[in-house]
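Subject: Structure handover

Hi,

Here is the structure you asked about. My notes follow below it.

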Amino acid sequence: MRLIISGGGTGGHIYPALAIIEDLMKQEPDSKVLYVGSKRGLESSIVPEQGIDFIALEIQGFKRSLSFENFKTVALFLKSVRESKKIIKDFKPDVVIGTGGYVSGAVVYAAAKAHIPTMIHEQNSAVGLTNKFLSRYVDKIAIGFQEAAAQFPKEKVVFAGNPRAQQVANMKSTFNWSDIGLQDDQPTVLIFGGSQGAPAINKAVIGAINEFNKRTYQVVFVTGQKRYQNVIDLLDKTRISSNIKILPYIKNMPQVLPKVSLIVGRSGATSIAEITALGIPAVLIPSPYVTADHQTKNTMSLVSRGAALMIKQDDLNSKSLLKAVDQLMHDSDAREKMAENSKKLGVVDSADEILNLARTLIH
Ligand SMILES: CC(=O)N[C@H]1[C@@H](OP(=O)(O)OP(=O)(O)OC[C@H]2O[C@@H](n3ccc(=O)[nH]c3=O)[C@H](O)[C@@H]2O)O[C@H](CO)[C@@H](O)[C@@H]1O
């Protein structure tokens, strides 16, 4: 298969695209893949590091208020569509897949206009701006949450789950906590605020560090690449015990996740797919800053089935965080039950589904 794939901005759009590529290369090793992303998004570092051919376009999002910047946004979008047309003409893809983020808007739109088969993947229960726009032009729409179906043209929609779930579920992990200086046999909490880190979560963890220092369980605290220095500065002179590891980012998350006893974090769609694919107990703090409050919906789909606890951001502080983490880390039966409930929600053949769907479009 000759595949152009595009998804950008944050990890939640990028990792599903990478999971599709990995599955394609397993199934059809002779395939040719080109990833088209944006210059500013996380993909410009993540994708080339994986040895995947990558072209970056310059593109930006709309500001919610009317502003001059929006004229620039439209101009950059039109320029990206022109560039995408040229890329498509040169690469001659059999199919073009978009996984969300502004850049996928330009690439997939250009492909549809060039009569190349197109498909998008929507990770969220509340549909993103780009996928809403593209839904008119694409041939198929794969969705990760049933709730998204009603927001798209009915005849195009197929429920497929999130491809990242298949990737993490099939991972044979060789990772050990001792690889990052912790002990292998200790239960370990992983705290991270989505792909970019979350200041509210970081603040609560910083305030809880003195207590975490005294626990028998281990804590891996991932701050987000851009927020790491700030966290380290704020922790200056604070004693950090050997049961705590603070990192800016984890690059090999599919390797690490199977070893985690409890996740504390945001509830972006791709994180949720990973959590349920492996059945990892979770304390979720939905971001209040996302479209249609979709992270609360994502969280509730787990909480209502006994697969996670929720702390609302308004109620988040060091005390509420510690209480929830202690409650689960001191009760392995509760964690086990939660893990069982979570795993029932996982969809672990999503990448295969998406590739099969793509093949039906190729003439
Ligand atoms: C604030 C915001 O707009 N968030 C959105 C964004 O979140 P975001 O980009 O944070 O996406 P998710 O939480 O869904 O996924 C994060 C991804 O990054 C990975 N990861 C994270 C930290 C790390 O150190 N290493 C690492 O590899 C996770 O394993 C996961 O694969 O896209 C999601 C999917 O469209 C949406 O549901 C979220 O609402």
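E28 is partly exposed, with a relative accessible area of 23%. Partly exposed here means between the two cut-offs: buried is under 20% relative accessible area and exposed is over 50%, with a 1.4 Å probe and protein chains only. Accessible areas come from the Shrake-Rupley method with that 1.4 Å probe, and for residues only the protein chains shown count as cover.

Before the rest, the ground rules. This is a predicted model: local features need pLDDT of at least 70, side-chain atom pairs count only at pLDDT 80 or more, and totals for chains, interfaces and linings use all residues. Residues are numbered from 1 along each chain as its sequence is written, and side-chain values use heavy atoms, with hydrogens and water left out.

Salt bridges

E28 pairs with R359 in a salt bridge, and their closest N and O atoms are 2.9 Å apart. R359 sits in helix α14 (residues 350-361) and E28 in the loop between α1 and β2 (32-38), so the pair ties together parts that are 331 residues apart in sequence. R359 is partly exposed at 27% relative accessible area. A salt bridge here is a side-chain nitrogen of Lys or Arg within 4 Å of a carboxyl oxygen of Asp or Glu. Helices (H or I, at least four residues) and strands (E, at least two) are DSSP runs, numbered from the N terminus.

How many salt bridges does the structure hold? Eleven. One of them joins K79 and E83, at 3.6 Å from N to O. Both residues lie in helix α3, four residues apart, about one turn of the helix. K79 is partly exposed at 37%, and E83 is partly exposed at 29%.

K237 bridges to D236, with the closest N and O atoms 3.4 Å apart. K237 is exposed, at 78% relative accessible area.

Surface patches

Patches are made of residues with over 30% relative accessible area and no salt bridge; like charges are joined within 9 Å, and nonpolar side chains (Val, Leu, Ile, Met, Phe, Trp, Tyr) within 5 Å. Lys and Arg count as positive and Asp and Glu as negative; His and the chain ends are not counted. The place of a charge is NZ of Lys, CZ of Arg, CG of Asp or CD of Glu.

R2, K32, K89 and K92 form a positive patch on the surface. K89 belongs to helix α3 (residues 68-91). K89 counts as exposed, at 65% relative accessibility.

A nonpolar surface patch is built from F62, V74, L78, Y102 and L129, with about 490 Å² of accessible area together. Y102 is in helix α4 (residues 102-113) and is partly exposed at 39%.

UniProt annotations

UniProt positions are in the numbering used here, feature names are shortened, and annotations may be inferred rather than shown by experiment. The unreviewed entry marks T10, G11, G12, N124, S195, I250 and Q295 as "binding site". These span 286 residues in sequence, and the farthest two C-alpha atoms are 22.7 Å apart, so they do not all gather at one spot. G12 lies in helix α1 (residues 11-27) and is partly exposed at 23%.

Best wishes
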